[in-house]
Amino acid sequence: MLLPGERRCHTLASSAISQQVCNGSDTVLKVTGDLDDCDCDVETIDSFNNDQLFPKLQTLLESDYFRFYKVNLNKPCPFWTSETHCGIRDCAVKPCSPNEVPEGVRATYHSKYSEEANEWPADCEQEHRLGAVNASLSNETREALLSWSKHDHEAQPFCVVDDEESPDSQYVDLLLNPERFTGYRGPEAWQIWDSIYEENCFKPYTIKRPLDPSVLHRSSGSEAKVFHSWLEGQCVEKRAFYRLVSGLHASINIHLSARYLLEDSWFQKKWGHNVLEFRQRFDSELTAGEGPKRLRNLYFLYLIELRALAKALPFFQRPSFQLYTGRAAEDRRHKRLLLEILHMAKSFPLHFDETSLFAGNEREAAKLKEDFRLTFLNISRIMDCVGCFKCRLWGKLQTQGLGTSLKILFSQRQIEALPGSDGLQRPRFQFSRQEIVSLLNAFGRISTSIRELKNFRSLLAEEQSSQ
């Protein structure tokens, strides 16, 4: 998949560069040690993810509840005019026919509140009933009922959520439309990341970020020094924002390198690990030192999303919540697996401390948090500008998943209020099914990237030992 569409060379223009790629340094193997702005290290994450969490998470994501994602891929780009779409066949997305999606997944009342939804009226019906019975209700009960219609606004969204009732929204089987190399590239593809970094990362235009080096373009060392000096001078919140975006970018590039189109003939298509592509994107020498920094940002992103999963445990462990597909035995088994994964996430010994963000002066912190939220909301809207439909699909899912993680991290008050136990108070903190699916699948992508780094380390070690 090439949602990122980075500016890069596609053929090596000189034998010198070719030799450097083939016999480059092993610095990419040495992303180790403590991470910035948190009390954790690369080795702890590698061990935890690869040996414990990754296998169970992959099993969960293959279940019907998590493999079907409803998305609108036909929304126009809100920022610039773009009438063209990628014509490459691997960019296409095959939506599901209605009979391919389990009935329980398609059921509107289950898509948002699971089992609880059977017990509560729809908002419009609820408003009508409130008007009809107003006189017979106590003030306390009336206030409780009115609060139900406001619950979706209690936790402010960090990303755009597609209208699942729109006729343009369709279910997509994520297992049949995997994230991988599509061939999508060029100026339009690069424009996506350029817009994100230049206009939505709190960076002044006068500060030039280190671009992806290639034989056609290399960032100067002075530009990189100025950029990183600027970044380190920012508040922890703005540093964190940039590192999340950079980590997501790195993760997508790892997916591209790990599921690269190696062979395309009349007889077969073969995807697999492209070590040369991986080196071009992450080797320290070939990226003027930027590759390892981006990989460290990937680990930072992992910590953020892992912490969100741990904090969401009270929501998912409520008896009333279920991963409803209409197949009772499977639904119970998959909820047990989900809770096992969330308890495992909670047990991680070196969690990111989200209370370090938006601290200090209350008014200034509130404004910074709102700027943070609105900026990421804007990034999620940029995903509708991606010309490759498969890249758009996975871009929307992963930004929505990260946005849902941020919603969790900064909704402490609402989460602490879970669960309501009086039978009247409906929990104010809610997820749509779309948010749940994106939350777990987005983390699944990050977890896969961490696992793929292990694979690339092995391939690089084999390559060097054979030289």
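Me: Which residues does Tyr302 touch, not counting residues up to four places away in sequence?
Reply: This is a predicted model: local features need pLDDT of at least 70, side-chain atom pairs count only at pLDDT 80 or more, and totals for chains, interfaces and linings use all residues. Numbering runs from 1 along each chain as its sequence is written, and side-chain values use heavy atoms, leaving out hydrogens and water. A contact means heavy atoms within 4.5 Å. With that cut-off, and with the sequence neighbours set aside, Tyr302 touches Ile45, Phe48, Asn49, Leu53, Phe443, Ile446, Ser447 and Ile450.

Me: Which members of the largest nonpolar core touch the most other members?
Reply: A nonpolar core is a set of buried Ala, Val, Leu, Ile, Met, Phe, Trp, Tyr and Cys residues joined through side-chain atoms within 4.5 Å. Here the largest one holds 110 residues. Its largest share, twelve residues, comes from α12. The members with the most partners are Phe66, Tyr302, Phe316, Leu393, Leu406 and Leu440.

Me: How many helices and strands does the protein chain have?
Reply: Helices (H or I, at least four residues) and strands (E, at least two) are DSSP runs, numbered from the N terminus. For the protein chain, the count is 18 helices and four strands.

Me: What percentage of the protein chain is buried?
Reply: Buried means under 20% relative accessible area, exposed over 50%, and partly exposed in between (1.4 Å probe, protein chains only). The protein chain has 467 residues. The buried ones make up 56%.

Me: Among contacts between residues at least 6 apart in sequence, what percentage join residues at least 24 apart?
Reply: Take the contacts in the protein chain that join residues at least 6 apart. The share that reaches at least 24 along the sequence is 82%.

Me: How far apart are the end C-alpha atoms of helix α14?
Reply: The expected span of a helix is 1.5 Å times one less than its number of residues. Helix α14 covers residues 328-346, so its 19 residues should span 27 Å. The model agrees: the end C-alpha atoms are separated by 27 Å.

Me: Which elements are included in what covers the buried residues of α14?
Reply: Leu337, Leu338, Leu339, Ile341 and Leu342 are among the buried residues of α14. Their covering elements include α2 (42-61), α12 (290-311), α13 (313-316) and α18 (433-465).

Me: Is Asp331 buried or exposed?
Reply: Asp331 lies in helix α14. It touches Gln322, Leu323, Tyr324, Thr325 and Gly326, not counting residues up to four places away in sequence. Its C-alpha atom is 8.3 Å from that of Tyr65, 266 residues away along the chain. At 5% relative accessible area, Asp331 is buried.

Me: How many residues of α10 are buried?
Reply: Helix α10 runs over residues 236-258. It reaches 32 Å from its first C-alpha to its last, close to the 33 Å expected. The helix is mostly covered, and of its 23 residues the buried ones number 21.

Me: What is the phi of Asp37?
Reply: Most residues other than glycine have a negative phi. Asp37 sits in the loop between α1 (15-22) and α2. At 30% relative accessibility, Asp37 is partly exposed. Although not a glycine, Asp37 has a positive phi of about 65°.

Me: Where is Ala288?
Reply: Ala288 has a positive phi of about 55°, although it is not a glycine. Its relative accessible area is 48%, so it counts as partly exposed. Its place is in the loop between α11 (275-282) and α12.
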